[in-house]
Amino acid sequence: MVVRVFVAGGTGVLGRRLVPQLVARGHQVTATTTGVAKRGLLEELGAEAVVMDGLDAASVGEAVAKARPDVIVHQMTAIAGKPDIKHMDRWFATTNRLRTEGTEHLLAAAEATGVAHFVAQSYAAWNGVREGGWVKTEEDALDLMTGTAAGPGMEAIRHVEDAVLRVGGAALRYGGLYGPGATDDQVELVLKRQFPLVGGGTGYSSWVHLDDAASATVLAVEQKVRGVFNIVDDEPAPAGEWLPYLAQCAGAKPPLRVPKWLARLVAGEVAVRMMTEGRGFSNAKAKRELGWELRHPSWRQGFRESLA
């Protein structure tokens, strides 16, 4: 059955992989961008392109009303520039607004237009609650990182999930995204040996290739699923494993290793927690309930292919 899908944030790294997958499945896609210059890209991907400001309620309402979609997929972010973990609150400031104000604008437009289903981007890479085992399910809490530079961003993620679940939608907790355009900044830091291992590198992370994240999103759209789903690969792993391997795949020297006290001074508390105490995530629910099959079941294969 053809579904009319409204992708808010169609020119982001994930949106650019999602739109053609939806089109290939025969769906009618309207996708948004924030500037006229990127309309051509969306049209090349097979979507009807719309310029929309996700932080402007009137702009969102008009775009959704014109498209009259069956499903809205919220992929709006504004993550740009050199990674700045120490000042994550500033680095993610606009993204946090898109996950709070932007979510509310989309939900209001959905209600006004009678949209039947809503799917939104959430996050599950290293931010599982820091107690118990190293791998978390959807039943486990997220770490809100209260009092750190990541705190506002984690609160914004909680807002997305609470708001979407309240209307019977789906929140897809994507792991660390990699693939075309997604990790260029991180790889550049690795090549410059500016991405060190902290302490024992014991903190876990979960990854997912952009194409696998997109395929899971297509399934969530088609099946009109509800609830929270961890969209991650099969192998959550400690930084002490994935970071040296990423360096190897990039043709870089092994990462430097720094003590926690020094990393805290230079990179901040968030970086220390991420790399020494982070919790990864299980994808069992997504595979079981969505019938999701990964093309890149492990970051080991994925990093190697992406950086070949």
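The model is predicted: local features need pLDDT of at least 70, side-chain atom pairs count only at pLDDT 80 or more, and totals for chains, interfaces and linings use all residues. Residues are numbered from 1 along each chain as its sequence is written, and side-chain values use heavy atoms, with hydrogens and water left out.

**Exercise 1. Describe strand S4 and its pairing partners.**

Step 1. Locate the strand: S4 covers residues 71-74. Strands are DSSP runs of E, at least two residues, numbered from the N terminus.

Step 2. Sort the side chains. Val71 and Val73 point one way, Ile72 and His74 the other. In a regular strand the side chains alternate between the two faces of the sheet. These four residues are buried (under 20% relative accessible area, 1.4 Å probe, protein chains only).

Step 3. Find the partners. Pairing takes at least two DSSP bridges between two strands. S1 (residues 4-8) runs parallel to S4, with four bridges. Phe6 stands opposite Ile72. S5 (residues 117-123) also pairs with S4 in the parallel sense, over four bridges. There, Val119 is the bridge partner of Val73.

**Exercise 2. Which residues line the largest cavity?**

Step 1. List the lining: Arg4, Val5, Phe6, Gln28, Thr30, Ala67 and Pro69.

Step 2. Assign elements. S1 and S2 (28-33) each give two or more residues. S1 has the largest share, three residues.

Note on methods:
Buried means under 20% relative accessible area, exposed over 50%, partly exposed in between (1.4 Å probe, protein chains only). On a 1 Å grid over the protein atoms alone, a cavity is a set of points where a 1.4 Å probe fits but cannot get out, and a pocket is an open set with protein on both sides within 12 Å along at least five of seven lines; lining residues have an atom within 4 Å of a point.
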